[in-house]
Amino acid sequence: MASLTPISHSHSLLKRPNVRPPSPPSFFSSFILKDFPYSKTLSLKLPRMVTRNVVVSATTAEKPRKRYPGEAKGFVEEMRFVAMKLHTKEQAKEGEKEVKQPEERPVQRWEPSVDGYLKFLVDSKLVYDTLEGIIDKAPFPSYAEFRDTGLERSEKLAKDLQWFKEQGYTIPEPSSPGVTYAEYLKELSENDPQAFICHFYNIYFAHSAGGRMIGKKVAEKILNKEELEFYKWDGDLSQLLQNVRDKLNKVAESWTREEKNHCLEETEKSFKYSGDILRLILS
């Protein structure tokens, strides 16, 4: 408890009006002498425990956690944000990627060939066969969420390759870009589910957006505007995509922040592997 120290010239105190001191502050508040009318005559000694409590409460107050771009809307929005940043300004208004390699520059003359397009379709089918086989076997239980989403492309590509065969074209064997990517996906799926989900998202969602535009350009150039099955979906595509977004967000809810960041960091590799296959169109 605080103690009052005897005061010299105490008769001056008797001349003061009879003012009742206010109640002392609460136990956990800061003690400030100016709160009392007799501040010059009061000496306060705080117990050690109180001082510690005041310091702890001031220093351990948690700061708001850093929000990642898109996080408020769900993890898929975080993945979309990172993917868009890896585009150039010419490809997307949100793009931030600087062109450093010759193959990263925009194609000046869009001159696809049937042979090159067939290589692209064959390698794409190998990648989708691999993805859909992994999802079907589900080495991690969360993969099973993505069975029968309506985004599957393997059967559609099989029909397209059969159509080309009927037109008299020879269907090539899968080439290095497709084989390399398929093997990488198999390895990831067994050991690194967060990285695998990153590729799953980027492959299917990129095809539903930029992939369709590329398909349209190729059809106009070399297929007499024939629309392939690869670019058709059964049902409302926007709703199919939304259903998969919801599933991806649900799966990511159980991940730590570190696991989410690891997934996002895999985006650049996904772009590289897919880009290698895409460039086959112009080969």
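Select Asn202 and Cys198: the side chain of Asn202 comes to 2.9 Å from the backbone oxygen of Cys198. The model on the screen is a predicted one. Asn202 belongs to helix H7. Is Asn202 buried or exposed? Its relative accessibility is 7%, and because buried means under 20%, Asn202 counts as buried. Now show what surrounds Asn202. Apart from neighbours within four places in sequence, Asn202 is in contact with Ala83, Thr267, Ser270 and Phe271.

Next, the nonpolar core. Select Tyr117, Phe120, Leu121, Leu151, Phe196 and Leu248, the residues with the most contacts inside the largest nonpolar core, which has 55 residues. Which elements give two or more residues to this core? They are the helices H3 (75–85), H4, H5, H6 (176–191), H7 (193–222), H8 (237–252), H9 (257–265) and H10 (267–278). In soluble globular proteins, nonpolar side chains tend to be buried together.

Stay with Leu121 and display its contacts. If residues up to four places away in sequence are not counted, Leu121 touches Leu157, Leu161, Phe164, Leu228 and Phe230.

Now select helix H4, residues 114–137. Step just past the end of H4 to Ala138, where phi is positive, about 50°.

The last stop is helix H5, residues 154–166. H5 has 13 residues and reaches 19 Å from its first C-alpha to its last, close to the 18 Å expected. Which residues of H5 are buried? Select Ser154, Lys156, Leu157, Asp160, Leu161 and Phe164. Turn the view to look down the axis of H5: the buried residues fall within an arc of 155°, so they line one face of the helix. These buried residues pack against H4; three of them, Leu157, Leu161 and Phe164, are touched by Leu121.

Finish at Gly168, which follows H5 and has a positive phi near 100°.

Key. Residues numbered from 1 in each chain as written. Predicted model: local features only at pLDDT ≥ 70, side-chain atom pairs only at ≥ 80, totals over all residues. Heavy atoms only, no water. Helix = DSSP H or I, 4+ residues; strand = E, 2+ residues; numbered from the N terminus. Expected span 1.5 Å × (residues − 1). Buried < 20%, exposed > 50% of the residue type's maximum accessible area, 1.4 Å probe, protein only. Arc of directions from axis to C-beta. Contact = heavy atoms within 4.5 Å. Core = buried A, V, L, I, M, F, W, Y, C linked by side-chain atoms within 4.5 Å. Polar contact = N/O pair within 3.5 Å; in protein donor to acceptor, adjacent residues only side chain to side chain.
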